[in-house]
Amino acid sequence: MAPKTGKAKPHKAKGEKKKKEEKVLPTVIEITVETPDDSQVTLKGISTDRILDVRRLLGVHVETCHLTNFSLSHEVRGSRLKDSVELVSLKPCHLTIVEEDYTEEQAVAHIRRLLDIVACTTSFGPSSPKASGRNNSKEAGSTESAGSDNGGVAGTVANRQPKGVEKASKSGKDGSADAPENGEMAAATVSMYPPPRLGQFYDFYSFSHLTPPIQYIRRSTRPFLEDKTEDDFFQIDGRVCNGKPMTIVASRKGFYPAGRHLLLCHSLVSLLQQLSRAFDAAYKALMKAFTEHNKFGNLPYGFRANTWVVPPIVAVNPSIFPSLPVEDENWGGNGGGQGRDGKYDYRPWAKEFAILAAMPCKTAEERQIRDRKSFLLHNLFVDISVFKAVATINRIIKASSCTLNVPAQSVSNEERAGDLIIKVSRDVADAATKLDHKSDGSQVLEISQDELARRNLLKGITADESTTVHDTPTLAVVVVQHCGYTAVVKVSSDVNWDGNLIPQDIDIEDQPEGGANALNVNSLRMLLHKSSAPQSSITVQRLQSGEFENLNTARLLVREVLKNSLQKLQGEASKHNKSIRWELGACWVQHLKDHASGKCESNKPEERKSEPAVKGLGKQGALLKEIKKKVEVRIGKAEEGKDAFLGCIDMNKKSDDMNQKELEKKEEEMEIIWKKMLPKAAYLRLRESETGLHLKSPDELIDMAHKFYADTALPKLVTDFGSLELSPVDGRTLTDFMHTRGLQMCSLGRVVELADKLPHVQSLCIHEMIVRAYKHILQAVVAAVSNVADLAASIASCLNILLGTPSTENEDADIINDEKLKWKWVETFLLKRFGWRWKHENFQDVRKYAILRGLSHKVGLELLPRDYGMESAAPFRKSDIISMVPVYKHVACSSADGRTLLESSKTSLDKGKLEDAVNYGTKALSKLVSVCGPYHRMTAGAYSLLAVVLYHTGDFNQVCALPQIQ
């Protein structure tokens, strides 16, 4: 989000109030927990933790990870402490685990936990006991972790990888110890940092070198040996590692062997340890391996198939896609999210979003309450919208008998589910067509591009902390793309209150598990392979021959799409991009305020001395007026570029020489115009911003905004990159950084030109442009496929053309021509869309795996973890393309106050004001935990930033404590 542009609040006059506002830094807290077997475990938490976080810490401790159904008691606070109880209120911090009775659902969840813990021995392919092998896998995993968008999901592959990276470097150093002391530096570098291998993506999480404690567990169909009682739920059949079969009864009090009720145990692990020494030894060996593997990391369980590389176990049977235990519906698992049971399908969305917009928001406390409600409702709305959109698309595909070859204009479907309106349309098989699939785009809002630019600019220059929540038409929209279709889900604008006043609050339940079980959109995948029985060797050879023919046929389709799209793109006239993101307006106003208040450094020393030093987030109106009187003197000394940005301020500077009556007359005229276009409160914010923008017409403001964009905003972005205030690591973070500042991705070419001394930024921008050029081709190919069964072959053929490397000596003419056609498309697309001319010497610098990852994220692909031979002409096979997953977009809804504090902390850190950075960072963390919960990616970002700030202050103990939440 853009920086806050609302009117600055006056500073507190009393020191007591200022002290009261200061937040205390999180400190390390040791928690002693007494377990059911009379042992004790010591956990390390932080002062912001609650009982909910203690449960999470117990879940990643080797001695308690198998426990599920329990409560926590305290000698003073009593039994069954609520998840919301804060640790700092517990004196002493000594807790006791109290085993609780099971329900049938909880008994199933307990079995799922055990299956989850041991899954790493069978689900992630072969593991290498050598350090170098582990290192390779971790590097591959770390590549994915940077681009993950499943914030808030605990125990996923993506959010465990950063800790794996630390371990990877340790393993690499150990492995390099055997190198000769007089070896070359290059050889040592290769030994320490071997190149990532996609085939070992999951190797870091695999413990297949250990004996699986359990061979299988499944529900039993056998009759009970004894009469079933009211406390008995069901029976399970299992076989432990030594092959011993067992039948166990799940009951209200726990688990016991069939016919042997005296051996009842609350924990299934405890029971199996009593029944089998082999299981006991194998389980203890696994726990020991967990500790040795990553002593300070989370335990390797709780994984979801939520990334573009599927678990190796899927390769065995891609037509079924075996589920990992967390998502196994046979044991009560699912892909996360709320509303899978249809409970919220007919919720009064229109009324509730209207109530959010009307809730009190004048003070920070009121906004925090409102923002929490908004966050919960919007997340629920997004989950329901994605479920509904995907279900509608699947129904359309099934209704057409899996036939997709229908003209785009003729495939259009509109449905209603309560207040939800779901519009589905077929994508166009033309890569040159620029589709507006944004949640706040002109097609979704049903307005012209000019009207959208004006709307966004006015929204930006009048923005405050409530802008996102008050803009219901964009907040209540989700756009889903899946298998060549685009679905737009939005809330009806019709709200009937029947003459009653709008309520000031809504009731909405909190997220289960503190938001840890967020939606994994990959669980809504469409599998691209049909089920098949085991085949003989002759049949397999025939299938391979048929797959080769399918790829050749699909290549013709890709070639046709590429050729037609290139021809159309070459004939397209160059157009000036007139669109504006609303964040640009907010940043523009903030920039003008900073200049007027003297925050921006002047080029001349005497000017710096004449401007008063300003600290904090705002500036008093009186001080602004005092500075404005001196501006005329500074105009002659300021550089010409600065005058261009401050044209609107110049209007105020010269007002002393103008006739007062003429000025008042103009203000009255503009006030009439603005009041017709803006609400009264928005106009007052604009006028009181002390920028003079209210004296300009909308058309003048649009021209000035474009000038600010080109002359100030883009160069400042590159400056921030150079100062490391912003550090993008992949296309996603680069996109977030640019959008937050109102910059559009079509300016990547200009960023490359400005960042001539930042080769890493240039490389990142060039790769992102290539990914977007390839994305349009791949999406057009998917839209052109005539049958769902042909999608895998078509996608593989497209990837072969885009990422393969044909040999100029041995390949046939068609493949060589495809290669030339591809680069011609890239060159033309980058010139037309980004205004940047592709240089042929850049061919050798392309990182194909980075492009493959970005392409998979943007189009929604799931691939096998295999070392693809990118140096060959056809690195991909049909069998490598497992499925397609939905890709969805929506407006981010969190805390504007929290984001503003984060920006202030980053700015203070960049300027070396560590005390201010710590203060702002601590306040931001408190705000985001209250609004987004402890497991959201915004909260994780606040912890990370605060850790960086504390590192610079030298407080290393605090730094070690903070990352535990991540």
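**A residue in a helix, and some places in loops**

Modeller: Ser-856 counts as buried because its relative accessibility is 2%. Buried means under 20% relative accessible area, exposed means over 50%, and partly exposed is in between, with a 1.4 Å probe and protein chains only. This is a predicted model, in which local features need pLDDT of at least 70 and side-chain atom pairs count only at pLDDT 80 or more, while totals for chains, interfaces and linings use all residues. Residues are numbered from 1 along each chain as its sequence is written, and side-chain values use heavy atoms, with hydrogens and water left out.

Ser-856 is part of helix H30, residues 848-859. Helices (H or I, at least four residues) and strands (E, at least two) are DSSP runs, numbered from the N terminus. Leaving aside residues up to four places away in sequence, Ser-856 touches Trp-308, Leu-861 and Leu-863. Contact here means heavy atoms within 4.5 Å.

Now the protein as a whole. It has 34 helices and 16 strands, and 53% of its 966 residues count as buried. Of the contacts between residues at least 6 apart in sequence, 72% join residues at least 24 apart.

Some loop residues come next. Asp-38 lies in the loop between strand S1 (28-34) and strand S2 (40-46). Its phi is positive, about 70 degrees, although Asp-38 is not a glycine. With a relative accessible area of 65%, Asp-38 is exposed. Glu-513 sits in the loop between strand S12 (485-491) and strand S13 (526-527). Glu-513 is not a glycine, but it has a positive phi of about 60 degrees. Because its relative accessibility is 46%, Glu-513 counts as partly exposed.

Which peptide bond is cis, with omega near -5 degrees? The bond from Lys-91 to Pro-92 is. Pro-92 belongs to the loop between strand S3 (70-74) and strand S4 (94-99).
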